[in-house]
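Here are my notes on this one, point by point. Have the model open while you read.

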Amino acid sequence: MNQRPLPSRSPRGVAILELVLFAAAVLALWIFPQFVKKPYVLHMGVILFLAIIQGQAWNVVGGYAGQYSVGHAAYFGIGAYTTMMLLELNKIAPWWGLGAAIANGVLLSLVIGSITFRLRGPYFVLASISMAEILRYAFLYFKGFTRGAEGFLVSEIPTLHLFGQDVEFITKRPFYFVTLGLAVLTIIANYAVQHSKLGYYFQAIREDQDAAHSLGISLSFYKSIALAISAAFTALAGGVYAMFVKFIAPDIVFGIDVSVQFVLICIIGGIGTIYGPVIGAMVLVPLSEILRNPRGLVQIGVLSPDSKFVDFVEAHLSNAHLLVYGILVVVVILFAPDGVVGLLRRATAGLRRRRAAAQEEPGAAGA
Amino acid sequence: MLRIEKLNFAYGDLKVLWDVDLEVRQGEIVTVVGANGAGKSTILKNVSRLVRASSGSLRFNDVDLLRMASHEVVGLGIVQVPEGRRIFPEMTVLENLRMGSFVKATRKDRERNVERAFTLFPRLKEREKQLGGTMSGGEQQMLAIARGLMGNPKLLLLDEPSLGLSPLLVKNIFEIIKEINRQGTTILLVEQNVYQSLHVSSRAYVLETGRVVLSGTGAELLANAHVKKAFLGM
Amino acid sequence: QVKIGFINSITGPEAPIGENLTNGVDLAVEDLKKKGVNVTIVRQDDTGKPQVAMSAMEQLATGDEVAVVVGPYTSASANAVAKLAHQYKVPQIVPAAAKEEITKQGYSYVFRVNAPAHQYAQSLIDAALGFGKPKSIAFIYESTDFGTSVSSAGKEYAKAKGLQIVGDEAYQKGAPDYRSTLTKIKAANPDLVFMVSYVADAILLMRQSREVGLKPQAFLGGGAGFDTAQFEGERDISTNVFSVTQWTPESSAASQEFERRYKAKFGKKPTYHAACAYVATLVAGETAAKAGGDRTKIQAALASGSWNGILGDVKFETFDGFTNQNKLVMPVVQYQNGKSVTVYPAKAAKAKPVYPFPGWK
Amino acid sequence: MTVFLQSVLSGILVGGIYALIGIGLTMIFGVMRVINFAHGELLMLGMYLTWGLFNWLHLDPFLSIVLVAPALFLWGAFLQRAFINRVLNALPQNQILLTIGLGLVMSNSVMLAFTSDYRILTTSYSSSSYDLFGLSVSKPLLYAFLITVAITVALYGFLLRTDTGQAIRATAQDREAAQLMGINVGWTSVLAFGIGAALAGTAGALISPTYYIFPQVGGAFTLKAFVIVVLGGMGSIVGATLGGVIIGLTESLAAVYVAGGLKELVVFVLFLALLLFKPAGLLGKTRA
Amino acid sequence: MATILDIKHVSKFFGGLAANSDVSFSMEPGMIMGLIGPNGAGKTTLFNCITGFYPPSRGDVMFKGVRMNGLQPNQVCHLGMVRTWQKVRPLAKMTVLDNVMVGALARTASLKVARDVAMAQLEVVRMTRKASFLAGGLPIGERKKLEVARVLATQPELLLLDEVMGGLNPAESEEIIQLILDLRKRGLTQMVIEHDMKAIMRISDRIVVLNSGEKLAEGAPQEIVNNKAVVAAYLGEEVA
Ligand SMILES: Nc1ncnc2c1ncn2[C@@H]1O[C@H](COP(=O)(O)OP(=O)(O)OP(=O)(O)O)[C@@H](O)[C@H]1O
Ligand SMILES: Nc1ncnc2c1ncn2[C@@H]1O[C@H](COP(=O)(O)OP(=O)(O)OP(=O)(O)O)[C@@H](O)[C@H]1O
Ligand SMILES: CC(C)C[C@H](N)C(=O)O
Ligand SMILES: [Mg+2]
Ligand SMILES: [Mg+2]
C-alpha cells in the first residue's frame, strides 16, 4: 500500500472534470432557491454551508499543517461577537462588521498562536482548548462589556444596497446566497493554498516539524500563517452565524462543543482534503438535524406527516439523539478512520487493483 | 531448534516475504544477509510474533509459534534485540536492563546478569542512572544488546547490532556475539555488515526481495561470486 | 382540532426542570380533551440553547403552522423566541421564564403567565423586611441569564429599601467548591444572604454554608433550585430557609387536586414550572379552539381574556413598561420540618415564619 | 487571615480529589498515549454507582469504593479491549474523537436510564465539619482527602516497586520493545485503562457525598483533569498530584481574592502561563 | 574569505554531562571534513549546535563570517547550511518528489521552479523512478538518498551529513561516496559524520576526531589513522 505510486496531483483530465463538476454543483445550488422556497430547506442549506466553511477553515491548520486545534470556538466566537457588538452597540452594518471580525480573528490567532505553537502534540491540543475556555469565561464575566450570559440578540439587520438592489436580511434567501458564496470562496481559497508553497510547507510541518525546520521552514511563521488563514475563515463563519441565528452568548459560540464540531466535520469527511469538509458537513448536518427533529423531513416533503419513521424517531430517539450521535462517531472512527473520503478512496483503489491485477507482476515490491 | 517453512507475509497490500524456508540448529550462529528492504527484519518480527504471517509454519523445538503471542515467545527463551534499539527512553540504564529479565524464570539471575552486562559494556556502568532516551546511538545499541542478554536467551535474534557503531565497537560486538554463542546461546543474526557476520556464522542465508536465493556455510558464501559482487563490493 | 407548538428543554442541562413542564403540558392536554378541545402538541427540543429554540420557533411558525406556541422554558430561550413570535405574529405564551425584558419590549404577541425576575427579589426582600430589621444583604448567584437578572433586580430593590449590600458574588454553576466564597461572605457578616441558583447548586451552597458556619438572620433562596422537592428533602440544610415561588400546592383546593393528580400520574410532586406550563397550555388550548386556530384572533383573545385556575386569576395586562404580563404575586415559603409552608404575603400565609435564623443544628 | 487560611485549607482538600482524577487520566495517557476525553464520564459512572449503592444497599459512599473501583476497573478494561485498543496507532485527533464519542454514549445512556434529574446523596456527615482553631474542616472532604493520599501512595509504590508496575511504565514508553521483553502489552494496557477508570470512579465516589450527580456532570471534570495533568506533565503521576493540589488552591484563592466568577479564568491563565515557561508541564520531560 | 565555518570553543552541556566541550576547528570552502569519534562522542550534538537546533552552552559558531548563535534552524538553512538526520526523517505521507520540493522551496516560491530543481536532484541520487512513491514506504537505503536529495535541493553552501551511509550495503555506500565526491567537484563544502573508516578515508580532506565531547585530534586522513590516541580510543589496532 505504501509503495503504490501515488500521483501528487490529479492528471489534467481528472482536474478539468472536477472543475466542471464543481462549477455545475455550485450553479445548481445557486438556482436551487428558484424552485424550492421552503424556509426550512433554505435554513438547512445555510447551516450546511456554514458547516462547510467551518470544516474548510479547520482543515487548513488541522488537516494540512497538522496542528490539531480543539479550540476553534475562540475564533468563531470572536467573529460572532465582533460582528454582533458592532451592529448592536455601534450600529455598524454586518458587512463591515464581518471585515472587523476577520481582522479580530486574525489578530487573536496571532496571540493564541504565539502561546500555543511552542507546544506540541497533546500539549498543543489542550492549550488550544484552554484558550477558547479563557475567552468563554472572560465573555461570561466581563458583563459590562459583553453582557455576560445574557448575550446579544439582533434587533435588526440594515438593508444592503447592492448594485441598485435592496437586499433585506429578513428571510433565509439572502443568507442562503451569502453562505453559499462564502463556502465556494473558502473552497477555492483552500485549493489555492494547497497548490502553493504554503500547502507544501504546511504538510511538511505536519509530517515532521524538526525536518521541516532544518529545511528552511520557519515553524512559528508558517504555523501562524496557517492559523491566521484558518482563523480568518472561522471568524467570518462566526460573524455570519451570529447574523443568521440572531442570538449569541458565550456558551453558544465559545463552547467546547463548537470546537469539537470543527474537528468532527473534517474527520467524518476526511482530513486534509478539499472534499473532506464538504462531505463531512453533508453527513453531519442532516444527520444531527434528523435525529433532533425528524419532523424536518416532513417539512422538506421527503416523508408524509403520518410517517412511521417520524413517529419512531420521536418516540425512541428524540431523547437519545446525542446517544445516536455518539455511537455514530465511534463507528466512524473505528471503521472509517480516514473519513468518508478515505472510504471512497479505498473502494475505488480496490476496484482499480482488481482490474490491474492481471498485468501486475508479482514480487515487484522490493527495490 | 527453529524451523521456518514456506513463510509468507505482507504489510497490508505489500507482500514482503515469499515462501521463506530457514532453519537454525542448536548452538549455531545463523546469519541472514540481504539488501535494505529485503525482508530480514520482517522474518525476525514474525519469529517474535510482532507481526503475523499469512501462511507457512514456524516451529521452535516442536512448539508451534504461529498461535503464540509475543510475550509467550519470549517465555520460551526467544529474545530479540530489535533494529533501532528501542530503548525505554524514560527509564534509567539500570531500569532498562532490569526490564530485560521481566520473564519470571529469568528474574532469579537478574543481579548476576546485570553484573555481566556491566563487564561487557563498562560504559553502561558509568551511565547507570542516565535516562535511556538521552544516550547516544551507539550507547543505546550497547544497552539494547545488554538488555537482550538479561533474558537468558536460548535463541537470540539480533537485528543489525552493528548499525551505527564505531569500528572499534563493531569488532567488539562480533567478539561478544561469538562469546555469547560459545556460552551456549544459539544466535540468529541479521546484518548489513556482510563480511564480518559471515565470518562469525556457522551458516547463512541470502535474502533478496523476500526470497531466499542462496544458503550455505559462512565460508561458502564468502567465496560465492554473487555474494562478493552484491554485498562485498568486490 | 388545534395545533399547539411547545418548545422545551427536553435534553441538555436544563432538562431536569424541563421535564416538569412536559408533565404539566401533558396534564393540560388531558384536561382539554375532557372539555372537548382536541389539541395536537408539536414538541420541539431546544436542548437548552436559545439558537436552537429560535430555529424551532421558525419551524413551528412557518412549517408546522401551529396556532400558538407555549414555551420555551429558560429565560434566554424564551427571550430569543419572543422576537420571532413578534416577527411572525405567532402568539407565544411564556410559562416560566423570569427575565424581565421578555414582556418589556412591547411585543403584542408575547404573553407571560409567570411573574418576572424583579418579583423574586421583591417578594423575598419585602418578606424579610416584614419579619425583622435586617440592615445588610449579600448576594451570591450563578452567572447565567436567570441568576444575573434576579440578582440585579434584587440589588436595585435592596438599595431602594435602604439595605446595605455587603457582598456580591457571581459564580460559575457546577463548581464543586464554594467554601472560600462563602467564607468571604461570612466575614462580611450580612444580615440577609440572597442566593440564586437554577438547580442543585442550591443544595451545595447551603451544605457548605453550614460547614463554614455562615449564619445570617435569614437565607433567601431566589427560586429555582431552592424551590425543588429535593431541596425540601434535605432537612439538615433546608430548614428555615426562605424561598420564593410562583405557585404552591396549598394555595387553593384546585391546586391540591392538581398536586394529587400529578403525583398519581408522574410519581412526584409538581413544581411551579409544572403548574405554570399546565396553565399556559390550558389557556392556549381554550383560546385557540375558540378562535378556530386563527393567530390574529387568538392574539386578541389572549390580550383581552381572563382565566381562573390553579394560579388564581390569569390576565395579561399592560403596565409599568410590561406588555401582556400576568400579574402574579409570588408567595414566599419557608421550609419548616421538612415541608414548605407559605409565610408571605400575610393573607396567603399558612404558618408563622421562623425569623431570625436560629442557627445550625 | 481566617479567610485566607480557610481558603488554603479547602483548596488543598478539594485539590486532593482533583489529583485523583488527574492521576487516572495521566496513567491512561502514559500507557496508551491517548487523551481520554471520556474521563469525566467514567467519574460520572462512579458517582451513579455510588448513588445506587447508597440508595439500594444503604452503603456508605466511602465504603462503596470497594465495589465502585473494581466495577469501573472492569468497565475501563472493557472499553480498552473493545475500543481504545483499535485506535492506538491512529491519528491523535481520531483518538480524541473516539473518546468523545464514547463519552457521549455513556452520558446519554445514563440519561436515558436515569433521566437527567439531579441526584443528591445525603449522608449524616454531608454538611458537617471539624473545627480546627476556628477553621472549618469539612468532614467528607477530609475523609476523601485521606483516602486519596492513601491511594496515591499505594499506586506510586505499585508502579515503581513491582514488576507489573514496571511493565506498565515500559509499555508506556515503547510498546514494541515491551513486547520483546516478554510483557503482555495487551494485558498491560487493559490494566492501565482499568486502573485509570477505577481511579476516576473512585474520585466519583469520593465527591458524591458533597456534590450532586447528573448525566452531564463529567464534562467539567474532564476539562479540569486535562489542566491538572498538563500542569503536572503528562504521564507523570507525581505531577498530576501536584497539579491537582495547585488547581484546588488556585480556584479557592482566586474565588476570594479575585472573584468567584473568575476562578476558572484564573486557573486557565495560570495554566497557560506555566506552559509558556515549562512547555512540558512541571514534572514533564522535554524531549529533544 | 579563508574559512567558511569557524567553530570556536563550543561547549554543550546536558545537565552535568558535557556532550561537547571546548571544540574548535575551521573549514575552508570546498573541502570535505570528516567527523569521527566513538559513539556518544558528541558528533550529532555538534551538528545540532551548528545548525541551530541547540543553542551552544558556550562558544561561537561563525558561518561565512556571521555569528550563528541564537539563529533558528530555518535561518541557518537560508544562510546556506543544512544538515541531514542520523535517524532519517522522511515526510512520510508526501511523495518523494514532494519531499524534495519542500527543500527546493527554500529558494523559490514557484512550484514549477521547485519541481524542476527537485527532479534534477532526484536525478542526482538516481531516484527519478520513485518520484511519485510515498516517502514513508521507502526502504532505508532510499530514505537515506532521499534525505540527501532533499537537503541538496535547498542549494546549500555547506552540507552536514550525519551517517548517511549507516545501514547501507557496500554497493549503496559506494553510490553515496561517488555522490559526495561529485558534489565536491562542484565546489560544495561538506562535513561528514561516518563510522565507515574506509569511506571516510577516501572522501575527507581533513578529519576531526571527537572523544567524550572533546576534540581529540585533527589532521589529514593519514595522520589520523596513525595517531596513537585515535587508534586507542576509536579505531582499535588495525584499520579496516
Ligand atoms: N510497518 C511496515 N509497514 C509497511 N511496510 C513495511 C513496514 N515495515 C517494513 N516494511 C517494508 O517491508 C519491506 C521489508 O522490510 P524489512 O524491514 O523486513 O527489511 P530489512 O531487510 O530488514 O531492511 P533493512 O536493512 O532496511 O532493515 C521493505 O520494503 C519495507 O519498506
Ligand atoms: N538531549 C540530551 N540530553 C542529555 N544527554 C544527551 C542529549 N543528547 C545527547 N546526549 C548525550 O550526549 C552525548 C553525545 O551524544 P551524540 O548524539 O552527539 O553522540 P554521537 O557522537 O552522535 O554518537 P553516535 O555515533 O552514537 O551517534 C551522549 O553521551 C548522549 O547520551
Ligand atoms: C427556575 C426558573 C424560574 C428560571 C426561569 N425558567 C428562567 O430561566 O428565567
Ligand atoms: Mg531491517
Ligand atoms: Mg550521532
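1. Which polar backbone atom is 3.3 Å from a nitrogen atom of ligand 3? It belongs to Y73(C). A nitrogen atom of ligand 3 also has a backbone N or O atom of A96(C) at 3.0 Å, and an oxygen atom of the ligand has one of A98(C) at 2.9 Å. (A polar contact here is a pair of N or O atoms within 3.5 Å.) The protein covers 100% of the 290 Å² of accessible area that ligand 3 has on its own (Shrake-Rupley method, 1.4 Å probe).

2. Before going on, the ground rules: this is a predicted model, where local features need pLDDT of at least 70 and side-chain atom pairs count only at pLDDT 80 or more, while totals for chains, interfaces and linings use all residues. Residues are numbered from 1 along each chain as its sequence is written, chains are lettered from A and ligands numbered from 1 in the order written, and side-chain values use heavy atoms, without hydrogens and water.

3. Now the metal. The magnesium ion (ligand 5) has T44(E) (OG1) and Q86(E) (OE1) as its protein donors, 1.9 to 2.1 Å away. Donors are N, O and S atoms within 2.8 Å of the metal (3.2 Å for Na, K and Ca), and with water not among the atoms, sites may look incomplete.

4. On the chains: eight pairs are in contact, and A and D share the most contacts (heavy atoms within 4.5 Å). Chains B and C do not touch, with their nearest C-alpha atoms 36 Å apart; for chains C and E, which do not touch either, that distance is 41 Å.

Key
Polar contact = N/O pair within 3.5 Å; in protein donor to acceptor, adjacent residues only side chain to side chain.
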